[in-house]
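Let's take a friendly walk through one protein model.

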Amino acid sequence: MPQFYMFKCSTCSTPIKGPKVQPDKPKTFKPGTLFVGTNRPPGVACGNALHTGITYTGKEDLRATLYELCQDPIITSPTGGSNVAGYIDGTEFKFYRSSNLARPAVVNAILGKDKSNNATVYTNRADALWIKHYPRIKVKLMDQLKPNEGDGAVGVTLTVQTVRKWPRQIAALALKAPLPDGGLYAAAAGLTKDLDLPPGSRKKGLARALRYYMLATYSLVDISSAESYEGLKNYVGALLVSDQGQILAAGINTGSFRHAEVSMLLSYFRNNPTATKVPENSVIFSTLTPCKGCTGFLSVTKSSNCVIYFGQEDTGKDGRVGKKISTQLSEKTKAPVGHSKEKLPGEIVTDDAEDAEGTGVVALGTASEIHKIQVDKGLTSCMGDGSIATQIGKAKHAKEVLRSGSEALIHKMLRTRAATDAESEVKRAVLTYIGQWLGTSKSVE
Ligand SMILES: [Zn+2]
Ligand SMILES: [Zn+2]
């Protein structure tokens, strides 16, 4: 970090920044030394031309322009996962460091900023810039700073921040994995609609378990509604599930860039600080097609064996990119079925005999379900460009569809019978696990 000799005007005492300190060239003058006229270092003078003398104060100023500070090789040539992000606050550049891109410093910088501080956040890693896809967040690469313009020209001191801020996370009691022998990933990866799985088989049970996890993901929406977040827009949930059926992380949308998938991933990497990818053979569930930003973060942190399933298809521009890395569960199996309190104008389907009873049974996941409902209800005005992500919190019926997920889950739990074969054994184990997990889950700092 460059330092500068500091002088003051010997007439009016105005502080004056001198030349850069060169540590290999020891200085030959003492504090209090007066430099007058042509003896002054070039360009170092008081603003008042009549004041001809400057005095060395003995102090060195740590302030350099942000541009100068960002020329450090640590920033220009980051190695491994090393990343830095910060923002200007008065005369300081408050920055965070991280050695793991799965726990990017840029998140800390955005969340660590005072709410009233509208400063741009700078980071040195382009691979942490998935965050720039979220509107209204000003994030730039440090190498885009210009020496004499804007933030680049501001003189600042570097101040390392050590208290990291993260999005809220959903925590639940640690429970034993419901499927100690694993197999959920294989079931997720091999799922096809045409595959007729033998009744009573473990494979059929695992295929059904995938729908239960999707319903559990929809149930997260209930948790998020119970917590009164600012700018409530939290009608999306995401779940990371291990091959053994253990819920490793969960996330809900709490606004800004804290989308469900982002909150889920950050929660996982906070609790597994050395991990840089989600575990091999895991399955990710999201209630909605991941958006551009979430897709960016998922792409950086996704393991090579990992299946991402989503519930509702976002047919708008927000969902277009996400479909490249994820699949709609109802494309591969019957859509998870929800029981709505009221009869909705959506497609009524029957899942199994056990789900056929009652009114208001709605498929959670048919591509156009929410669209259709909104259009039917004359809610086209809130559809914008047809993106569900931005509209989901605005339509009552859309919310109703999502909430019916947890009702369906409870319904299934209440109807769980004693395990008589491999299929019912898996279903029972998974439903019991999900029930206990959801029952103890809460949103925490
Ligand atoms: Zn002066
Ligand atoms: Zn998203």
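## Sheets, a helix and a core

In strand β10, T65 has G155 as its bridge partner. Keep in mind as you look that this is a predicted model. That bridge belongs to the pairing of β5 with β10 (residues 155–160), which is antiparallel and has 2 bridges.

Both strands sit in an open sheet of 6 strands, and the order across it is β5-β10-β7-β6-β8-β9, with mixed pairing. At the edges are β5 (64–65) and β9, each of which pairs on one side only.

Now find the other open sheet described here. It has 4 strands in the order β2-β1-β4-β3, and the pairing is antiparallel. Its edge strands, β2 (15–20) and β3 (34–36), each pair on one side only. On average, neighbouring strands in this sheet are turned by 40° against each other, ignoring direction.

| Strand pair | Sense | Bridges |
|---|---|---|
| β5 and β10 (residues 155–160) | antiparallel | 2 bridges |
| β3 and β4 (residues 53–61) | antiparallel | 3 bridges |

Next comes a helix. Which strands does α3 lie across? The answer is β6, β7, β8 and β9, and α3 runs at about 20° to β6. Is helix α3 (residues 105–112) mostly covered or mostly open? It is mostly covered, as 7 of its 8 residues are buried. The buried ones are A105, V106, V107, N108, A109, I110 and G112. Their cover includes the strands β6 (83–89), β7 (92–98), β8 (121–123) and β9 (139–141), together with helix α6 (260–271).

Setting aside neighbours within four places in sequence, V106 is in contact with A85, V121, T123, A128, I131 and V139.

At least three residues come from each of domain 2 (67–160) and domain 3 (169–444).

Notes
Residues are numbered from 1 along each chain as its sequence is written. Chains are lettered from A and ligands numbered from 1 in the order in which they are written. This is a predicted model: local features need pLDDT of at least 70, side-chain atom pairs count only at pLDDT 80 or more; totals for chains, interfaces and linings use all residues. A residue is buried if 20 or more other C-beta atoms lie within 10 Å of its own, exposed if 12 or fewer, and partly exposed in between; C-beta atoms are placed from the backbone. Two residues are in contact if their C-beta atoms, placed from the backbone, lie within 7 Å. Domain bounds come from an automatic or database domain assignment. Two strands pair if DSSP finds at least two bridges between them. Axes are lines fitted to C-alpha atoms, for helices over the stretch in contact, and angles run from 0 to 180 degrees between N-to-C directions.
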